[in-house]
Amino acid sequence: MTTDALDRPAAAVAAAARSATLVAVEDLALHFPVYQGLLRRQVGSVRAVDGLTFDIRRGETLGLVGESGCGKSTTGRALLRLYKPTGGRIAFDGRDIATLEGEALRAMRPRMQMIFQDPQASLNPRMTVGAIVEEPLIEHGVLRQAGRRERVRELLDAVGLNPEYVNRYPHEFSGGQRQRIGIARALALDPDFIVCDEPIAALDVSIQAQVVNLLQDLQRKLGLTYLFISHDLSMVRYIATRVAVMYLGRMMELAEVHDLFRAPKHPYTRALLSAVPVPDPKVEATRQRILLKGDIPSPVNPPSGCRFRTRCPWAAEVCAKEEPEWRTLADGRKVACHFAE
Amino acid sequence: MAVRDLRTVFHTQDGVVHAVNGVSFHVDEGELLAVVGESGSGKSVAMMSLLKLLPIPPAEIASGEVIFQDRDLVRLEASELRQVRGARIGFVFQDPMTSLNPVFSVGYQIMEPLRKHMGMSRKAARQRAAELLDLVGIPSARDRLDDFPHQFSGGMRQRVVIAIALACDPKVLIADEPTTALDVTVQAQILELVRELRRKLGMAIVWITHDLGVAAGIADRIMVMYGGQIVEHATTADLFANPRHPYTRALLDSLPGRHGRDERLRSIGGQPPLLMADPDFCPFQARCAHAFERCLREDPPLERVAPGHDVACWLDVPEGGGRRDN
């Protein structure tokens with residue numbers, strides 16, 4: 001596979017290396033209103049994302065993990081401004097995009113893209129592959145017709161698809177190939193930042209490896225920054241530089257991938273890691289599991305204090321009263337727990 | 001239960017799809033057999049065929065026998081088969097929301113098989129339903145009998161489905177990806193529940209999964225399926241320590257965490273085959289790094305290569321897997 005055709009001018013790469021942080025998020029919140037009754041009065045809100053502070057470094061892959069309903073997809077979409085945040089700031093390459101509107105926001109869009117979970121649902125079945133990949137180029141007025149065609153062929157080649165397939169339709173491809181089409185579309189506008197929302201969850205194990213290898217090749221070649229949202233912790237461990245763990249709309253822990261997997265500090269991280277099945281019967285037979293009781297509470301009415309306390313095996317009195325601070329430990333990791341040491 | 005040479009085909013507009021091609025296996029009392037394979041490998045269709053849980057037509061069980069308690073289930077009349085389903089053999093499906101009926105209370109749905117199959121009175125069935133919910137770990141079970149499925153969370157719903165499957169004290173439980181739709185922490189709870197139920201009840205379990213980690217944690221034996229056939233069968237310890245079929249080895253190699261972060265993941269190129277005819281070649285040959293001329297001509301039979309270890313491959317794979325190149 002060749003990605004040479006997509007190489008950027010050296011000057012652009014150098015310019016992009018100015019600051020180590022690409023995305024800086026401060027106190028990000030996203031609440032969805034809940035309406036009820038005959039008059040559709042607002043009776044509360046789903047606090048899907050409720051006060052996140054973190055940053056994404058240029059060129060890294062930040063893994064974002066957590067169980068369904070914890071707000072990880074909402075976070076990814078909010079970073080791309082597919083939702084309007086209820087509160088907080090999102091600085092993308094130094095510019096606050098949380099409140100941008102209209103043309104100013106549109107001008108930022110080419111720099112940040114998304115790869116979706118279900119390639120079947122995210123590709124229009126009535127458009128050819130060529131038209132799907134070309135659409136962002138037309139939309140943003142990049143290149144003339146002949147140049148666009150050439151670019152589409154380059155992109156298909158870069159993701160390992162035969163450029164002769166431009167006139168085929170999505171249903172003629174397998175799941176793994178469809179995901180490649182989605183990746184080609186995301187790359188069309190030469191973005192800096194891609195949110196990968198469960199990009200391999202719908203694929204078989206043997207196909208997952210192909211897509212993950214492709215994502216890594218492209219990252220090296222193009223200097224991309226990824227937010228890799230996944231519930232597959234073993235894949236996150238393989239691909240991520242740092243990992244953030246979410247629970248019920250808040251971040252519990254954020255650390256370098258080695259630190260997080262070797263010595264998780266937050267009780268939720270520990271429980272989550274211990275629940276992942278290991279494909280080795282010897283390990284499975286001897287390992288200690290931390291079994292959590294019950295289910296995730298409702299984000300409409302989260303528990304007081306620490307959100308995890310209702311399921312935490314080590315919860316103490318203080319956990320119900322005070323919300324633990326999002327603090328930095330000696331080794332540089334961030335954690336929200338009263339008893340992280 | 002013993003299955004011999006089971007073949008299931010689907011009659012479609014584009015021709016006959018051979019989904020299951022000559023599957024033979026057995027599962028003993030108190031044992032957990034995991035069936036591992038990718039989507040389209042025929043693992044679900046094979047297990048659904050055992051109880052004719054497929055729409056017939058387009059599906060057709062072309063040949064084979066399923067011997068259970070001295071009877072061949074394939075040849076049973078529909079009414080006789082109904083007495084086996086849900087009574088002697090229980091089923092748990094992947095998605096608990098679609099396998100429960102949203103308009104009946106959970107208690108009613110657990111009582112239904114008890115009254116139909118075991119002829120219990122309403123009162124006795126209700127008593128037993130509460131015990132079952134308690135057995136699968138639902139808190140204050142008796143008070144929840146009149147609740148409806150939507151009032152339970154995903155993990156709790158799957159517990160209800162397991163309770164229904166266990167209602168008539170089955171000899172065999174077939175579980176089709178029962179934890180795939182659940183979060184890992186909930187999956188861990190369900191796996192723990194199954195370990196505990198096995199100790200208490202001692203039935204045979206056939207567990208279909210695509211997750212080798214899950215299989216490693218709960219299975220006694222593992223059967224790997226590909227292209228509608230069993231390509232390898234061994235005890236769990238043996239399969240992971242000493243995989244012999246190229247597909248099994250490639251599958252294990254494609255998992256992250258089996259090698260370092262700096263190494264590329266080893267993917268299996270290509271796609272699984274779509275079998276429009278009874279295969280006269282090895283189904284894996286197109287993606288196999290070791291395929292040679294014979295693999296294109298003949299479909300390898302499942303042969304015993306070591307005690308309790310069967311492989312369907314023309315290659316004589318050396319002990320310990322000396323050749324690892326794909």
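1. Start with strands E6 and E7 (residues 172-176) of chain B: they run parallel and share four bridges. Two strands count as paired if DSSP finds at least two bridges between them, and the strands and helices themselves are DSSP runs numbered from the N terminus (strands E, at least two residues; helices H or I, at least four). Within this pair, Val92(B) sits opposite Ala175(B) of E7(B). Helix H7 (residues 154-166) of chain B packs on the sheet here, touching E6 and E7 of chain B, and its direction makes about 170° with that of E6(B). Contact means C-beta atoms, placed from the backbone, within 7 Å; axes are lines fitted to C-alpha atoms, for helices over the stretch in contact, with angles from 0 to 180 degrees between N-to-C directions.

2. A word on what you're looking at: this is a predicted model, where local features need pLDDT of at least 70, side-chain atom pairs count only at pLDDT 80 or more, and totals for chains, interfaces and linings use all residues. Residues are numbered from 1 along each chain as its sequence is written, while chains are lettered from A and ligands numbered from 1 in the order written.

3. Now the whole sheet. Chain B has an open, mixed sheet of eight strands, ordered E6-E7-E8-E3-E9-E10-E12-E11. E6 (89-92) and E11 (303-306) of chain B are the edge strands with a single partner each, so one side of each has no neighbour in the sheet. On average, neighbouring strands are turned by 20° against each other, direction ignored.

4. Take a look at E9 (residues 221-226) of chain B. Six of its six residues are buried, so the strand is largely enclosed by the rest of the structure; buried means 20 or more other C-beta atoms within 10 Å of the residue's own, all placed from the backbone. Arg221(B), Met223(B) and Met225(B) lie on one side, and Ile222(B), Val224(B) and Tyr226(B) on the other.

5. E9(B) pairs in the parallel sense with E3 (residues 32-36) of chain B over four bridges, with Ala34(B) opposite Ile222(B). With E10 (residues 229-235) of chain B, E9(B) runs antiparallel over six bridges, and Met223(B) faces His233(B) across that pair. E9(B) and E10(B) make a hairpin with two residues between them, and Gly227(B) in the turn has a positive phi of about 55°.

6. Last, a helix pair: H4 (residues 106-118) and H5 (residues 122-135) of chain B pack at about 120°, axes 9 Å apart. Residues meeting there include Leu114(B) from H4(B) and Leu132(B) from H5(B).

How values were computed
Contact = placed C-beta atoms within 7 Å. Buried ≥ 20, exposed ≤ 12 C-beta atoms within 10 Å, placed from the backbone.
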